[in-house]
Amino acid sequence: MSHYREGAVCLQTGSGFFRKDSRPSRDLSVLLAAHQASEAQRPLRWLDLMAGCGIRGLRWGLEACPESRPDLELWLNDADPDRSSLLESNLQRLQGVRGVSLTTTNWAAERLLRQAYLDQIFFDLIDLDAFGCPNALLQSALAVLRFDGLLVLASTDGRSPTGHDRRAAVRHFGAAARAHPASWELALRLQLAVLAREAWQLGRGLEPVASFSEGRTFRLVVRLRQRLAADEESQLGLLARCERCGDQAVQPLLKLSGWRSCRCTDGQGRWAVTGPLWLGPLQMPAVLAQLLKLADPQLDTLSVAGRLLLQRLQRDCGLPVCCWSTAELASRLSLAGPPPLEELVQALLSAGHQACPSAVMTGQLRTDAPMAELLQQCVQHVAGDR
Ligand SMILES: C[S@@+](CC[C@H](N)C(=O)[O-])C[C@H]1O[C@@H](n2cnc3c(N)ncnc32)[C@H](O)[C@@H]1O
Ligand SMILES: [Zn+2]
């Protein structure tokens, strides 16, 4: 069997599921662990709940834990019994690592989480790298996450939150999901809304640390807080878009009232409403900046793609909520091509609006400018570009 190298580890990936392309998400998981190890003053326990070949847990042990910390418990689990010998052999590398104790299991995730709760075992970091929709596991994962602990979550359920399977969106998210040019972002916001509700049911608060997707996997990192922040409930709301004129409007659930008219002048426009979704920030730029500083070139912790991802996310906290595709705006105006994104952002900022390029989808910007002004700026910038 051939060996695969990533960061400081060299291991066998076996015949089960493994994607080299997911490396940026693993780099992020390792850096979050390293950040926690550098800050927390208590013993730490990290859980790789769907470990596959064990690469995340192995990288945590070899890259994220300074020798000065003699108190790290690593738990690695994968339900597939055919994975256990591969997992054992890959993890041998951790046997001699001082201060790291290892628990491996072949349990269904649901069983491990519920057993941990019964045994009152709590984790500082849980990486839940799931196939499909992970929502059935969220309540039990959050219930065994320590205060200020991190949940690193993946979902490959793209169809329901992007409006392609509206019935499944109702089942999985308890939400309406409609097609939208910023569909990846809306999918992340729908997932955050489910996470927030699960945390709130437990009386806890939630803070997004990182949110991103390449269209196939939707990835989030959230921090569980002991209590809700002031007015945290107003982060849940609805986003409406008119397919005919492209206009958008947002309302928090707490202030829900009728919708204003869209820009359709003949009164024939119709809002397609998505939500409840998370209306708050998507990234924590200050934490992402610290992670970039922590990356150890000697351990090769951060790949080029991982660095680019973190740098991109760091520049866009995820507010304001409304995202606009420059290609769509250009086509509505019958322009030859989209306006230059950075110039458009600068013009909107100069006009006193909030604006920045979206870190979630390329060719999009987020702004609080009304659509009429956005269209006007597009015309000026494409004209000025000629
Ligand atoms: C996306 S892969 C994990 C990949 C790995 N984290 C990585 O970075 O390479 C998902 C893994 O979850 C395991 N799995 C699927 N359903 C599970 C469940 N209910 N409980 C525990 N493991 C499960 C599968 O056997 C598979 O190895
Ligand atoms: Zn309209």
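Throughout these exercises, a residue is called buried under 20% relative accessible area, exposed over 50% and partly exposed in between, with a 1.4 Å probe and protein chains only. The model is predicted, so local features need pLDDT of at least 70 and side-chain atom pairs count only at pLDDT 80 or more, while totals for chains, interfaces and linings use all residues. Residues are numbered from 1 along each chain as its sequence is written, chains are lettered from A and ligands numbered from 1 in the order in which they are written, and side-chain values use heavy atoms, with hydrogens and water left out.

**Exercise 1.** Find where Ser-334 lies, and decide whether Ser-334 is buried or exposed.

Solution. Start with the position: Ser-334 belongs to the loop between α10 (326–332) and α11 (341–350), where helices (H or I, at least four residues) and strands (E, at least two) are DSSP runs numbered from the N terminus. Next, the relative accessible area of Ser-334 is 66%, so this residue is exposed. Finally, look at the backbone, where phi of Ser-334 is near 55 degrees, a positive value in a residue other than glycine. As background, most residues other than glycine have a negative phi, and most peptide bonds are trans. Asp-148 also has a positive phi, about 70 degrees, without being a glycine, but its place is in strand β7 (residues 145–155), and its relative accessible area of 37% makes it partly exposed.

**Exercise 2.** Work out which residues are the protein donors of the zinc ion (ligand 2), and what arrangement the donor atoms make.

Solution. Donors are N, O and S atoms within 2.8 Å of the metal (3.2 Å for Na, K and Ca), and since water is not among the atoms, sites may look incomplete. By that rule, the SG atoms of Cys-242, Cys-245, Cys-262 and Cys-264 are the protein donors, lying 2.3 Å from the zinc ion. The 4 donor atoms subtend angles of 105 to 112 degrees, which makes the arrangement tetrahedral, a label given to four donors if all angles lie between 85 and 135 degrees. Along the sequence, the donor residues follow the spacing C-x2-C-x16-C-x1-C. Cys-245 lies in the loop between β10 (236–242) and β11 (248–252) and Cys-264 in the loop between β11 and β12 (271–278), so the pair ties together parts that are 19 residues apart in sequence. Cys-245 is buried at 10% relative accessible area, and Cys-264 is buried at 13%.

**Exercise 3.** Describe the surroundings of Ser-358.

Solution. Then take contact to mean heavy atoms within 4.5 Å: leaving aside neighbours within four places in sequence, Ser-358 is in contact with residues including Glu-185, Asp-316 and Cys-323.

Definitions and conventions: Four donors count as tetrahedral if all angles lie between 85 and 135 degrees; four count as square planar and six as octahedral if opposite donors are over 155 degrees apart and all others between 65 and 115; anything else is irregular.
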